[in-house]
Each structure stands twice: as structure tokens, then as C-alpha cells.
Amino acid sequence: MTEPNQPRPHATVGVPQPVTSQPMPTPMPDTLLGAQATAMAEARAAAGGRGSDPLSRPYTLPSRGLWYPPGHRGQVFISPTRGEQEEVLAGMEDGAAAMVSLRHVVGQVVDLNGITLDQLMLEDWPALLLHLLAYSAGDDRVFLAPVCPKPRGCGKASNQTRALGDMECVELRLAAPGESPTWPQPIEETEEDEELAILAEICGDIEGTTEAIVDPSAVVEPFTAEPLKLTGDKVTWRYLRMSDLTIAEDFAQRTDSTSTKPGTKLNNVLLALHTVTLNGSKPGLVGAYSWIKRTPSEALTHYRRQIERRSFGYSMRPRFKCRCGHSFRAELPLDGSLFRGGRS
Ligand SMILES: [Zn+2]
């Protein structure tokens with residue numbers, strides 16, 4: 001029996017791997033973490049948690065639990081959806097109401113191993129949904145139907161079957177002593193050259209999962225950004241959690257703004273939620289948002305890029321190749337439509 005959602009060997013695209021014939025030493029005392037993990041597992045079993053569902057399967061989130069309580073290690077337990085959840089997913093509309101239903105379904109079938117859904121990192125959310133989707137379908141693939149964009153593409157819905165292992169994903173791992181970190185990634189100054197990407201595809205470079213090696217000092221929140229271009233503002237920031245997404249969705253619904261592209265209201269509120277301190281003081285959400293409103297675009301772009309270089313997990317814009325031959329990137333739908341093959 002294949003177990004597609006089990007931790008699997010990682011492709012090594014683009015990330016130099018340490019040269020060693022020894023098993024990688026773990027960077028923290030393994031016995032202590034192991035003991036904590038065992039204690040958490042026992043507590044879960046004693047509480048009659050979903051870890052006791054015979055169909056539940058462990059999955060390790062891309063964050064590897066680096067920002068979760070010690071001993072968590074990013075491990076969650078995913079049960080396949082049953083008829084009850086199918087009905088919720090089938091009746092789901094898009095937008096904020098859909099996200100409420102989707103959270104409810106995840107709450108029913110995913111055991112987050114001692115953390116709440118609000119505490120889940122936003123970077124781990126697509127990974128969780130994709131694996132829940134694939135596991136529920138009894139497969140290690142997901143079915144998506146992004147529209148092939150005109151004018152270079154055909155403009156039709158492009159049916160795609162993607163193996164989870166072929167989707168672009170960055171998983172983190174703490175550096176062992178003496179090992180060189182490969183993350184955070186450098187800031188990309190140029191947009192992706194589409195023709196180079198197509199050439200890479202023709203040569204057979206699949207995206208797949210890469211493991212990024214993290215310096216233990218690089219995981220401590222908040223992070224200090226370089227002084228921003230033009231304004232010199234000094235900003236510290238943190239990762240977003242699902243509780244932040246709830247706030248942003250509420251705002252989006254009330255202001256009728258659902259796009260997350262840079263420069264939209266929703267994107268700017270998310271940027272404000274990232275912000276912890278501004279020139280040494282805590283601005284709060286309203287203060288951070290008004291600061292963003294009056295900050296020049298060049299400075300904001302500089303800020304966004306510094307956050308992006310610490311991103312991980314599944315790419316929200318995977319590349320697709322249509323039958324017409326056009327290669328394009330499309331946003332992953334992370335609401336109910338993901339469970340309908342990406343159709344809205
Ligand atoms: Zn096409």
C-alpha cells in the first residue's frame with residue numbers, strides 16, 4: 001500500500017545539499033523533543049482525539065513546527081473527509097462564508113496536535129488543504145482547472161492533474177552544527193523570465209519540494225527589516241497566523257475587496273498585520289495601516305520583498321502547462337473551489 005502523504009524524500013532542485021555520508025544530526029536534544037512529542041501524543045490519545053481515527057495519517061507541515069510549541073515538529077494528523085464534510089464542501093460558495101465552512105471542515109478532520117487553527121501559520125495552510133484534498137480523494141494528486149490566460153494562451157479552463165510531489169514547495173529544517181544555511185532566500189530583483197521557465201520545463205526540471213536549511217537564529221520573531229528605501233523607516237515584522245487571516249477576511253468582506261495582489265486593500269491590511277514595531281514603537285493594526293497608506297510604493301515594495309524572502313510552503317502561484325502549449329502561473333484557489341477541481 002502506498003502512503004502518499006507520509007514524509008517522503010525531497011527533490012533537491014536548486015538547494016545545495018550538505019555533503020555527508022552520516023545521518024544528519026538533529027540540532028536540538030532529540031531525547032527531550034522526543035519525550036515532549038510522546039507526551040503530546042499520549043495526551044491526545046487520552047483525550048480521545050482524532051489521532052485515534054484509524055484512517056488518520058500523519059503529515060509534517062512545511063514549517064516543521066519551528067514556530068509551534070516545542071515538541072510539535074509540525075506534525076498533524078489528517079483524516080479523509082466523509083460524506084458529512086463532502087456535503088459542506090459541495091454546498092460551499094466563495095469568499096468569506098466559504099472560508100468559515102472550510103475552517104469548520106478542517107476542524108473536524110484534522111488533528112492539529114495541540115495547537116488551534118488560529119495558531120496555524122498561514123504558510124502551512126495551503127499545504128494542509130492540498131494534503132487533505134489529496135488524501136480525501138484517495139490519491140497523492142490534486143485536480144485543478146486554472147484558466148489558460150489569453151492572449152498568449154487559449155483562454156479555456158485547463159484540466160490539470162498534479163502530483164503533490166511535483167508542486168513547488170519549500171520545507172524548512174534547522175541547520176545542524178557546521179551546516180551552511182540556505183534560507184532566507186535572496187531578494188529577487190527581477191520578475192521571472194517566462195521563456196527561461198519554459199526552457200527549464202522542456203529540460204525536465206520539475207519544481208517539487210525543496211528543503212531549506214535554516215539558521216536557528218533566523219527563526220526568532222519579530223524579524224528586523226533593512227531600513228526601507230526612500231523613507232529609512234525601521235520595521236520589525238512577524239509571520240501571519242490563521243487568526244490574522246480572519247481579521248483580513250472580515251475587512252475584505254466589509255470593504256468588498258477580495259483580491260490579494262500587492263496594492264489592494266486586503267494585501268495592505270495583511271502587510272499591516274505583519275508589522276510589529278515601526279521606528280521603535282508598536283503602531284497597532286490601525287497605526288500600521290495608516291502608515292502603509294502614506295508610505296511611498298518603493299518603500300513598501302522593499303518591505304514586501306524582505307518578507308517574501310522568508311516565505312516557505314507551497315507556492316501560491318504554481319506553474320501550469322496547457323494542452324495548447326502555453327505555460328503560465330495561476331493562483332491556487334484556497335477556498336471551496338479547490339475542492340471542486342479549482343472551478344469557482
Ligand atoms: Zn491553453
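Let me start with a term: a nonpolar core is a set of buried Ala, Val, Leu, Ile, Met, Phe, Trp, Tyr and Cys residues joined through C-beta atoms within 7 Å. Buried means that 20 or more other C-beta atoms lie within 10 Å of a residue's own, exposed means 12 or fewer, and partly exposed is in between, with C-beta atoms placed from the backbone.

Before I use those words, a bit of housekeeping. What you see is a predicted model, where local features need pLDDT of at least 70, side-chain atom pairs count only at pLDDT 80 or more, and totals for chains, interfaces and linings use all residues. Residues are numbered from 1 along each chain as its sequence is written.

How far do we trust it? pLDDT is the predictor's confidence in each residue, from 0 to 100. The protein chain has a mean of 79, with 73% of its residues at 70 or more. Residues 1-30 are below 50, and this stretch has 41 contacts in the model beyond near neighbours in sequence. By contact I mean two residues whose C-beta atoms, placed from the backbone, lie within 7 Å. Residues 45-50 also stay under 50, with eight contacts beyond four places in sequence.

Now the overall picture. There are nine helices and 13 strands in the protein chain; these are DSSP runs, H or I of at least four residues for helices and E of at least two for strands, numbered from the N terminus. Of the 344 residues, 28% are buried. Among contacts between residues at least 6 apart in sequence, 69% join residues at least 24 apart.

Back to the core, then. Which residues touch the most other members of the largest nonpolar core? They are Val 110, Leu 128, Leu 130 and Leu 132, out of 56 residues. Helix α4, residues 124-136, gives the largest share, nine residues.

Three strands form an open, antiparallel sheet in the order β1-β2-β3, where two strands count as paired if DSSP finds at least two bridges between them. β1 and β3 are the edge strands, each pairing on one side only. Helix α4 packs on this sheet and touches β1, β2 and β3, its direction making about 35 degrees with that of β2. For that angle, axes are lines fitted to C-alpha atoms, for helices over the stretch in contact, and angles run from 0 to 180 degrees between N-to-C directions.

Look at β2, residues 75-78. Four bridges join β1, residues 57-60, to β2, and Pro 58 stands opposite Phe 77. On the β3 side, residues 110-111, there are two bridges to β2, and Phe 77 stands opposite Asp 111. In a regular strand the side chains alternate between the two faces of the sheet. Here Gln 75 and Phe 77 point one way, Val 76 and Ile 78 the other, and all are buried.

Is Asn 113 buried or exposed? Asn 113 is buried, with 25 other C-beta atoms within 10 Å. Compare Asn 279, in the loop between β10 and α8: it has a positive phi of about 50 degrees, but Asn 279 is exposed, with 12 other C-beta atoms within 10 Å.

A second open sheet runs β7-β6-β11, with mixed pairing. β7 (209-214) and β11 (313-314) stand at the edges with a single partner strand each, so one side of each is left without a neighbour in the sheet. Two bridges join β6, residues 169-174, to β11 in antiparallel fashion, with Cys 169 opposite Tyr 314.

Two cis peptide bonds to point out. One joins Trp 183 and Pro 184, with omega about 5 degrees; Pro 184 lies in the loop between β6 and α5. Another runs from Glu 221 to Pro 222, omega near -5 degrees, and Pro 222 is in the loop between β7 and β8.

Last stop, helix α7, residues 265-274. Seven of its 10 residues are buried, so α7 is largely enclosed by the rest of the structure. Among the buried ones are Leu 270, Leu 271 and His 274. The cover includes β9, α6, β10, α8 and α9.
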